[in-house]
Amino acid sequence: MPVLSWAGGAEFALRWSSGGPVSADDAVTLMGLEGSRKVTAYEVEYFTVLAPPVPTSPPAIGRRRTRSDGKVELTLKYRSPQAFGSGFDTQAACALGKDTNVKVETDISVLQTLQPSRAYSVSCEREAKKKVLDFPEAMRATSMGCKNRMKRVTVGVFKVEEWQLPQGRLLEVSMPGNDTPQDLALFMAKVKPLLDKGVVLVDRSKSQAGSSCS
């Protein structure tokens, strides 16, 4: 049985492909984030998943993320412009196998207009250490044909990711919090140095950008 993790939380994010810092480390320095830096590296592959996940629009995207130390994370993510109701069948949607965790949150992205855009997500996650993890055969998962490299620098609650995609570099800074004006203001204050440096914001999510193999 999947374990539901829900505290009404949110994740604030800002993404850019050009202008401003060209690396995660440079972005951390420019933002003035203080504290020790934890650096991790991943290889990320995306999948189309045809069945049996719950039908949504857009459809669920599968992701397999392999960390440099051998840890493997398998994720099935649903995103919607509307919040998922109590009728969403988590058990059917997240049938990835034993010890699957389910995270429900609001994704708040800062767009080119500097206005926040909200999407609602359900993430089904399963992890293993130094073990091959595949989607269940019944899900008919098919690789989208490319693997991406990602470096993450974590400082306190902030994560700065540097992605190497087929179409070029993508950077993202994110912060967990609650969907409140106070937390949005805090995030905007932290990313202001990036905006002042002229970052060119990207409106697509990481899943959309990373799963595009051309």
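Biologist: Before we start, what is a salt bridge here?
Modeller: A salt bridge is a side-chain nitrogen of Lys or Arg within 4 Å of a carboxyl oxygen of Asp or Glu. Keep in mind that this is a predicted model.

Biologist: OK. How many salt bridges does the whole structure have?
Modeller: The search finds 18.

Biologist: Show me one. Where does Arg64 come in?
Modeller: Its side chain meets that of Glu45 in a salt bridge, at 3.4 Å from N to O. Arg64 lies in strand 4 (residues 61-67) and Glu45 in strand 3 (residues 38-49), so the pair ties together parts that are 19 residues apart in sequence.

Biologist: Is Glu45 buried or exposed?
Modeller: Buried, at 10% relative accessibility. Arg64 is buried as well, with 19%.

Biologist: And what does Arg65 do?
Modeller: Arg65 forms a salt bridge with Glu73, 2.7 Å from N to O. Both ends are buried: Arg65 has a relative accessible area of 9%, and Glu73 has 9% too. The charged end of Arg65 also sits over the ring of Tyr42, 5.1 Å from its centre.

Biologist: Which residues are linked in a network of salt bridges?
Modeller: Asp25, Arg37 and Lys151 are.

Biologist: Which cluster do they belong to?
Modeller: Ring pairs link Phe84 and Phe88 with Tyr78 into a cluster.

Notes: Residues are numbered from 1 along each chain as its sequence is written. This is a predicted model: local features need pLDDT of at least 70, side-chain atom pairs count only at pLDDT 80 or more; totals for chains, interfaces and linings use all residues. Side-chain values use heavy atoms; hydrogens and water are left out. Rings of Phe, Tyr and Trp (its six-membered ring) pair if their centres lie within 6.5 Å; planes under 30 degrees apart count as stacked, over 60 as edge-to-face and the rest as tilted. A charge sits over a ring if NZ of Lys or CZ of Arg is within 6 Å of the ring centre and within 35 degrees of the ring normal. Helices (H or I, at least four residues) and strands (E, at least two) are DSSP runs, numbered from the N terminus. Buried means under 20% relative accessible area, exposed over 50%, partly exposed in between (1.4 Å probe, protein chains only).
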